[in-house]
Amino acid sequence: MIKESTHLRPRLTLADKALELSGWATLVSIWIFVLMNYSGLPETIPIHYNVSGEPDQFGARNTIFTLPIVATLLFLWLTLLNLFPKFFNDEPKASNEQASRRLAHTARLFRCLKLVIALVFGLICLQTTGIAHRFVSESAPGFLPVLVAMILTPTIYFAIQSFADKGGS
């Protein structure tokens, strides 16, 4: 049984740093995009889309800020979780090496999810702005499945990796 596992903090690899930086850059880009486009938006913009990608609810122009606000809150929540890796130690009997590897794995998953969340919300901002300006009449075919795949892909990948790691321990 390890006593120090709750204090383990995985070292950041180059990939971890790239994911973290990319996530922050994408999040900042969403805010810049929304702020730069806000004044040119019509008074009413799409705020919800049906499964086909067609707007089915409309709201005031200022509701565009909901997207970067939610993205920021989710992003910061995952960032905060990553600061406390002791919560990820699912097996107190794991060796320090196993615990360290699993913590690094979970931290990387969170970094991937942060980037994906920023990208997904950025794409929704882009789509909403395009429809509001009438550059496009509806979401591109396959927009929703692409967004779902963007979220599920890293989650499934890291779940498979985690099970493989547990099996090899």
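**Close-up views of helix α3 and its surroundings**

**View 1. Helix α2 (residues 66-82) packs with α3 at an angle of about 175 degrees, and their axes lie 10 Å apart.** With that angle being over 145 degrees, α2 is roughly antiparallel to α3. Keep in mind as you look around that this is a predicted model.

**View 2. Here are the residues where α2 meets α3.** From α2, look for Leu 67, Pro 68, Val 70, Ala 71, Leu 74, Phe 75, Leu 78, Thr 79, Leu 81 and Asn 82. Their partners in α3 are Ala 107, Phe 110, Arg 111, Leu 113, Lys 114, Ile 117, Phe 121, Ile 124, Cys 125 and Thr 128. What kinds of residues make up the contact of α2 with α3? There are 15 nonpolar, three polar and two charged ones.

**View 3. Now follow helix α3 from residue 96 to residue 132.** Its 37 residues reach 53 Å from the first C-alpha to the last, close to the 54 Å expected at 1.5 Å a residue. Of these 37 residues, 26 are buried, so α3 is largely enclosed by the rest of the structure. Just after α3 comes Arg 134, with a positive phi of about 65 degrees.

**View 4. Zoom in on Cys 112 and Cys 125: are they buried or exposed?** Cys 112 has a relative accessibility of 16%, so it counts as buried. Cys 125 is buried too, with a relative accessible area of 1%, and it is one of the α3 residues that meet α2. A disulfide is a covalent bond between the sulfur atoms of two cysteines. How many disulfides does the model have? The count comes to zero.

Notes. Residues numbered from 1 in each chain as written. Predicted model: local features only at pLDDT ≥ 70, side-chain atom pairs only at ≥ 80, totals over all residues. Heavy atoms only, no water. Helix = DSSP H or I, 4+ residues; strand = E, 2+ residues; numbered from the N terminus. Expected span 1.5 Å × (residues − 1). Buried < 20%, exposed > 50% of the residue type's maximum accessible area, 1.4 Å probe, protein only. Disulfide = S-S within 2.5 Å. Axes fitted to C-alpha atoms, helices over the stretch in contact; angles between N-to-C directions. Parallel < 35°, antiparallel > 145°, perpendicular 65-115°, else oblique. Contact = heavy atoms within 4.5 Å. Nonpolar A, V, L, I, M, F, W, Y, C, P; charged D, E, K, R; others polar.
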